[in-house]
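Please consult the sequence and model shown here.

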Amino acid sequence: MTAPIWIGEKDLALDLGQAIALLRKAMLRQAKGNAKNMEKTHLAWDGGNMHAIGAAFTDTALLGVKTWAHTPKGATPLEILWDAETGKLLAIIEAFAMGQLRTAGIAGLVTDMLAAKDADLLAICGTGKQSLAQVAAVSLVRKLRVVRVYGRNAERREAFARRVQTELNLKTETFDDVAKTVASAPIVTLVTRAKEPFLTADMPARGAHINAMGAITPERMEFAPALLSRCAIIATDSIEQALALGSEFIAAKLTPASLKAVSELVAADTTRPASADLTLFKSLGTGTADLALAEELYRLAREKGLGRELPTPAPAPLSFRAN
């Protein structure tokens, strides 16, 4: 039997373009019933929260669960893979970088479907760890002329803009005002840890597509719920999770009928409606998306001899004999 392997961040063998392609295929698998999503479990406490999401790919007999605790001092997400037929442990994957690829990749996928085809300006609100990957993903699906950057901290805002210029070779403009940042922008990405909405319903220009990527727990909110009334399409990666954990959706009292799953949009080869005022994608993160990348990482690790072999679990039977 092949021993399970530990796949570290240094073994990451995927780029963002590959991630977007893998996610598109995974959404088609989900639409066909070959990918089954385990909805997120979520536990919050003062100062942090803990999560677990998972999925099963029935067409390749693969199971995966990602789990992590987000604390003020950091997080260590791990993806665990099992053989669905034998229950055998296949791999444990360090999943921080993989998670960034997944989150950015799904935004890129939906932007490709719902943003105007000639969109050439991205306004991004947020300059944290996920932000550069978000810009990179949008730049892969639209030819960006300029990236506008908003962040509350001027030093971090300017530093992030320099990274966009240097690493992505894109022109940037920086702003200290949200309304000015998003004015006339055809693509708007929100990727913050805000607890109060900073994007109001009147700020985005008609014709814009919005990616709301940051508020994934109920205590966080990035946009005013009233903005949803302007949206021709409200997309999400998981309808059930969005209605349980998406604070903007909860406040707006949305129903499942109000939302479109990304898998449904991909299966229907959806494009932006010509008459749409706004479209919006809210991501909560799904096990299906994580497993799509983990499956390929595991395949590449086996093919290229990457990763570190782990001891094969062989638990001894318990004895219940009285002493």
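## A buried charged cluster

Lys-66 counts as buried because its relative accessibility is 5% (buried means under 20% relative accessible area, exposed over 50%, partly exposed in between, with a 1.4 Å probe and protein chains only). The model is predicted: local features need pLDDT of at least 70, side-chain atom pairs count only at pLDDT 80 or more, and totals for chains, interfaces and linings use all residues. Residues are numbered from 1 along each chain as its sequence is written, and side-chain values use heavy atoms, without hydrogens and water.

Lys-66 and Asp-290 meet in a salt bridge at 3.3 Å, N to O (a side-chain nitrogen of Lys or Arg within 4 Å of a carboxyl oxygen of Asp or Glu). This pair joins strand β4 to helix α9 across 224 residues (helices, H or I, of at least four residues and strands, E, of at least two are DSSP runs numbered from the N terminus). Asp-290 is buried, at 0% relative accessibility.

Asp-290 also forms a salt bridge with Arg-102, at 3.1 Å, N to O. Arg-102 lies in helix α2 (residues 96-114), 188 residues from Asp-290, and is buried at 7%.

## Other charged contacts

Lys-66 additionally lies over the face of Trp-68, 5.0 Å from the ring centre (NZ of Lys or CZ of Arg within 6 Å of the ring centre and within 35 degrees of the ring normal). The charged end of Arg-29 sits over the ring of Phe-57, 3.9 Å from its centre.

In the whole structure, 17 salt bridges are found. Arg-24, Asp-112 and Arg-142 are linked in a salt-bridge network.
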